[in-house]
Amino acid sequence: MTDKPLPSLLERIRTARSVQAVRAAERELLRRIRSGSGTPVIELETAHFFFRSEDDVSVSVSGDWNRWQADKQRLVRLHPRSVLLHTEQDFPIDAALPYRLIVDGESVLDPMNQRILPGPLGTNSFFSMPAYPGVPYWHLSENDVPRGRLIELYAEGNASVSGRVVGIYIPHDHEPNGTERFLYVNDGAEAISIGRFNTVLDNIYRFEPFTPNTIVVFVPPVDRHGEYMMNPDFARWFANDLTKQVEKRLNVTSRASLRTIQGASLGGLFAAFVGLQHSNRFRNIVSQSPSFWVDDFSIVRQFERTKRLPLRWYLHTGTISDGRTEARKMLQVLRAKGNDVCYRETSESHNWANWAGQYAAIVRWIGK
């Protein structure tokens, strides 16, 4: 038997004339929630959020689409005798977003949703719409997927920059020889622990074996804002000292055309800044959800004033409370200069699932 559209079931609860009728409709609704993927319940482009409580509580839903405002979108009790509160919101059919519930002023995970998304500021509930493609290769597809090597290097700092431990990923059964690509990843520790970048790499080399080998250097910040906010000392150390130390550790010598720097948010701003300042060391720039708004878009103006640099670009942004305005401003400048730009927009927001969803495509792009 096919379930009736959810709005008709909600209307049954709202217009019920007895407690028994309310309870019967609630049982049907809760059965539908349990038999599916929990809440929110998705029908076409609409997400229905629910909260169950017999008490007189104030509940709202907070997410990227309403800029995490605590009282922006309240849940309303379906019937004076109902235990269910509800609100609904339309989203793009391929969207995926994190959110939390605000219950009597306290931010909590949705108790009827088992899907969560870790982030640097904590864990949130997570949902996806019917056409969401997911994150390619985010999980090991087979138990026998060969693992790449992940080795550590303590990269020495200098008078202006702190030293730090970086992780170096080397594809399975590959010995560095100087012909492979190098990808330097900002926020490197989170790219592994939250973005699962190393798992994506293991899978792509297992299932797309003709992908050119890329050595990935995961670089953590020590002072994230101080380093990523277009710090010329850190950019100089990154482009020169760090790359030389990595290549010395691997006993290879690479070149600018084989080096890529990637980052998201402030890391995406810094990746662009390194390209601006050191195109002799990095010729490939990946900026995701870029914080080009810093200093009133000064990075965009600098590229506009500078003669065309020999850079390839991969620009990516979500479309929901993310860096679309910033990315489009830079895209316009780069295309006017004649740069090679791969531009992507996704119906997502400022989070690791969005960024990780591009990792496989970025590795393919690097190999072109």
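## Residue classes and basis

Ala, Val, Leu, Ile, Met, Phe, Trp, Tyr, Cys and Pro count as nonpolar, Asp, Glu, Lys and Arg as charged, and the others, Gly among them, as polar. This is a predicted model, in which local features need pLDDT of at least 70 and side-chain atom pairs pLDDT 80 or more, while totals for chains, interfaces and linings use all residues. Residues are numbered from 1 along each chain as its sequence is written, and side-chain values use heavy atoms, without hydrogens and water.

## Pockets

A pocket is an open set of points on a 1 Å grid over the protein atoms alone, where a 1.4 Å probe fits, with protein on both sides within 12 Å along at least five of seven lines; lining residues have an atom within 4 Å of a point. The second largest pocket has a volume of about 180 Å³. Its lining includes R115, F126, W138 and R196, and by class comprises seven nonpolar, two polar and two charged residues.

The largest pocket holds about 600 Å³. Of its 25 lining residues, G119, P120, L121, H350 and W355 lie nearest the centre. The lining has 11 nonpolar, nine polar and five charged residues; β6 (96-103), α5 (224-228) and α10 (352-356) each supply at least two residues.

## Packing of α7 and α8

The axes of helix α7 (residues 266-277) and helix α8 (residues 294-305) come within 10 Å and cross at roughly 35 degrees, in a left-handed crossing. Contact (heavy atoms within 4.5 Å) involves L266, L269, A272, F273, L276 and Q277 of α7 with V294, I299, Q302 and F303 of α8. Eight of these residues are nonpolar, two are polar and none is charged.

Notes
Axes are lines fitted to C-alpha atoms, for helices over the stretch in contact, and angles run from 0 to 180 degrees between N-to-C directions. Helices (H or I, at least four residues) and strands (E, at least two) are DSSP runs, numbered from the N terminus. A crossing is left-handed if the near helix is turned anticlockwise from the far one by less than a right angle, and right-handed if clockwise. Grid points are joined across faces, edges and corners, and a volume is the space filled by probe spheres set on the points.
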